[in-house]
Amino acid sequence: MSALAPPLIAWYRENARDLPWRRDGFGAWGILVSEFMLQQTPVARVIPHLEAWLSRWPDAAALAAAAPGDAVAQWANLGYPRRALWLHRAAVQVRDRHDGVVPRDVDALLALSGIGDYTARAVAVFAYGDRHPVVDTNTRRVLARVLEGRAQPGPPAKEDLVRMEGVLPEDRADAAIVNAAAMELGATVCTARSPRCDACPLAEICRWRAEGFPASPDLRRRQARYEGSDRHARGAVLGILRGAAPDDVDLAALLAEWPDARQRDRAIDSLVADGLVEVVADRARLPR
DNA sequence: GAACCGTGGCG
DNA sequence: TCGCCAAGGTT
């Protein structure tokens, strides 16, 4: 067993946050929905939306029976609304391919819309207790620091899964805890900006700390400015349509005051191309 | 592999 | 104020 596993397991048992999707019996569907919502959206903002979502659509078949636009509207301001559409498509696929039961097999999960390496393994591990490496941005940062002595991880790579596999204990239940613990440690202690090494169970074996916290060359690309961007225009258009749903909106009135008409039209076109918006005659609406 | 895709909180 | 960051995935 890796030297990381025992202290991670002990620390997690004492310090894990009490999050809804960690409660016994939360269910594979709830965990799947939570993982979709947690893709790039902070935990605190997800929790109330998750509970509302599951109250409305308690299983995959329920969501699959709804209109995709209902999912987009219910998604509200969680961001990246394509995820709502993908989650709806995944629900339809679960209904049609798996009799409404969220699959357990990683390849079957990977074949669902909006599910990649992280989400597929997270569901298999946290919903079903199977043994796979689960690697998110927190885990990558923890491993980069502890094992490589780097302040920040490199870009995501398949190699990350191999590295995490090398950290996991053989026992499935222990492996699941180590996966969760690495994520939890990165989220609450080994954070990106101001790590609290005094509270870290891996401090004594951390290479980054041993080497004096060297700054690593920062290869991360800067996030593009949001104000005035195409994403901003898309967000504004969709926000209006969410507010009007289930009614439609006159296309000419839609975002009439947006400063750049070319950009506004490009936003609408791209939303239509993504399936997030429908235009019928001279009116726009969320998809039915 | 790079570019693109929302939204809000925090230092 | 402003840049960084957040349980990623698709094209």
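**Figure 1. Arg285 in strand β3 of the predicted model.** Arg285 is buried, with a relative accessible area of 17%; buried means under 20%, exposed over 50% and partly exposed in between, using a 1.4 Å probe and protein chains only. Arg285 sits in strand β3, which covers residues 283-285. Helices (H or I, at least four residues) and strands (E, at least two) are DSSP runs, numbered from the N terminus. Apart from neighbours within four places in sequence, Arg285 is in contact with Leu241, Asp248, Val277, Glu278 and Val280, where contact means heavy atoms within 4.5 Å. This is a predicted model, in which local features need pLDDT of at least 70 and side-chain atom pairs count only at pLDDT 80 or more, while totals for chains, interfaces and linings use all residues. Residues are numbered from 1 along each chain as its sequence is written, chains are lettered from A and ligands numbered from 1 in the order in which they are written, and side-chain values use heavy atoms, with hydrogens and water left out.

**Figure 2. The protein surface near DNA strand C.** DNA strand C is surrounded by 28 residues, and the closest are Trp21, Leu38, Thr119, Arg193 and Gln223; a residue is near a strand if one of its heavy atoms lies within 4 Å of it. Of the atoms of DNA strand C that come within 4 Å of the protein, 61% belong to sugar and phosphate. At least two residues of this surface come from each of α6 (82-98), α8 (117-126) and α9 (137-148). By class, the surface near DNA strand C has 9 nonpolar, 8 polar and 11 charged residues. Here Ala, Val, Leu, Ile, Met, Phe, Trp, Tyr, Cys and Pro count as nonpolar, Asp, Glu, Lys and Arg as charged, and the others, Gly among them, as polar.

**Figure 3. Side chains of Thr119, Asp136 and Arg141 at DNA strand C****.** The side chain of Thr119 has an N or O atom 2.6 Å from a phosphate oxygen of DNA strand C. Asp136 instead pairs with a sugar or linking oxygen of DNA strand C, which is 2.7 Å from an N or O atom in its side chain.

**Figure 4. The protein surface near DNA strand B.** Around DNA strand B there are 18 residues, of which Arg45, Tyr80, Pro81, Arg82 and Arg234 come nearest. Sugar and phosphate make up 53% of the atoms of DNA strand B that come within 4 Å of the protein. A phosphate oxygen of DNA strand B is 2.3 Å from an N or O atom in the side chain of Arg234. Two or more residues of the surface near DNA strand B come from each of α6 and α13 (230-244). The largest share, 4 residues, is supplied by α13. The residues of this surface divide into 4 nonpolar, 6 polar and 8 charged.

**Figure 5. Backbone atoms of Leu78 and Tyr80 at DNA strand B****.** A base nitrogen of DNA strand B lies 3.3 Å from a backbone N or O atom of Leu78. At Tyr80, a polar backbone atom is 2.8 Å from a sugar or linking oxygen of DNA strand B.

Figure 6. Pro246 belongs to the loop between α13 and β1 (249-250).

**Figure 7. Positive phi at Gln40 and Asp99****.** Gln40 has phi near 80°, a positive value in a residue other than glycine. The loop between α2 (28-37) and α3 (43-56) holds Gln40. Gln40 is exposed, with a relative accessible area of 65%. Asp99, also not a glycine, has a positive phi near 55°. Asp99 is placed in the loop between α6 and α7 (106-110), and Asp99 counts as exposed at 75% relative accessibility.

Figure 8. Chain A has 14 helices and 3 strands. Its C-alpha trace spans about 65 × 45 × 30 Å along the principal axes. Of the 288 residues of chain A, 45% count as buried. Among contacts between residues at least 6 apart in sequence, 63% join residues at least 24 apart.

Definitions and conventions
Polar contact = N/O pair within 3.5 Å; in protein donor to acceptor, adjacent residues only side chain to side chain.
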